[in-house]
Amino acid sequence: MKTTGEHYEQLAARWLEDRGLTIISRNFRCKAGEIDLIARDGRHLVFVEVRARSNPRYASAAGSVDKRKQQRLLRTARYYLQQQLPGGATPCRFDVIAFEPRQSPAGTVVRWIRSAFTD
């Protein structure tokens, strides 16, 4: 049985593929942390954080990617690049796919925030 996180990561992967990105890795993990999706968008390597909220009373899904989470993602991405692309200068960016609750009716809205933060 899939967890809620796995469900939204699968939706995000499909959503990005529909927009021309190629998913090259899912749930990359190391001691520094985890990256939900790693994709290729033209010549860019894209590290994607997937967030979802079901209740509009809490902070937005996109807003939950705070400085601490960003730093963890940066460290994990550096490790990935050192292991997978040693010596290669590859343009990278960090995107957030946020599934936000609609005010009404039931359902969610997908927000794709390209270059959500930088190093």
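**Reading salt bridges, a helix face and positive phi**

Colleague: With which residue does the side chain of Arg114 meet in a salt bridge, N to O?

Modeller: A salt bridge here is a side-chain nitrogen of Lys or Arg within 4 Å of a carboxyl oxygen of Asp or Glu. The side chain of Arg114 meets that of Asp41 in such a pair, at 3.9 Å from N to O. This pair links distant parts of the chain, since Arg114 is in strand β5 and Asp41 in strand β2, 73 residues apart. Strands (E, at least two residues) and helices (H or I, at least four) are DSSP runs, numbered from the N terminus. The model is predicted, so local features need pLDDT of at least 70 and side-chain atom pairs count only at pLDDT 80 or more, whereas totals for chains, interfaces and linings use all residues. Residues are numbered from 1 along each chain as its sequence is written, and side-chain values use heavy atoms, with hydrogens and water left out.

Colleague: Is Arg114 buried, exposed or partly exposed?

Modeller: Buried means under 20% relative accessible area and exposed over 50%, with partly exposed in between (1.4 Å probe, protein chains only). Arg114 has a relative accessible area of 47% and is therefore partly exposed.

Colleague: How many salt bridges does the structure hold, and which residue forms one with Arg93?

Modeller: The structure holds six salt bridges. Asp41 forms one with Arg93, where the closest N and O atoms are 2.9 Å apart. Because Asp41 lies in strand β2 and Arg93 in strand β4, the pair ties together parts that are 52 residues apart in sequence. Asp41 and Arg93 are both buried.

Colleague: Which residue meets Lys69 in a salt bridge?

Modeller: The side chain of Glu49 meets that of Lys69, at 3.8 Å from N to O. Glu49 belongs to strand β3 and Lys69 to helix α2 (residues 67–84), so this pair ties together parts that are 20 residues apart in sequence. Both Glu49 and Lys69 are buried. Elsewhere, salt bridges that share partners join Asp41, Arg93, Asp95 and Arg114 into one network.

Colleague: Which residues of helix α1 are buried, and where do they lie when seen down the axis?

Modeller: The buried residues in α1 are Tyr8, Glu9, Ala12, Ala13, Trp15 and Leu16. Seen down the axis, these buried residues fall within an arc of 165°, so they line one face of the helix. The arc is taken over the directions from the helix axis to the C-beta atoms. Their cover, judged by contact (heavy atoms within 4.5 Å), includes β1, β2 (33–41), β3 (44–52), β4 (92–101) and β5.

Colleague: What span should helix α1 have?

Modeller: The expected span is 1.5 Å times one less than the number of residues. For the 15 residues of α1 (residues 4–18) this should give 21 Å, and the end C-alpha atoms are 21 Å apart, which agrees. Just after α1, Gly20 takes a positive phi of about 95°.

Colleague: What pattern does the protein chain follow along the sequence?

Modeller: The chain has two helices and five strands, in the pattern α-β-β-β-α-β-β. Buried residues make up 40% of its 119 residues.
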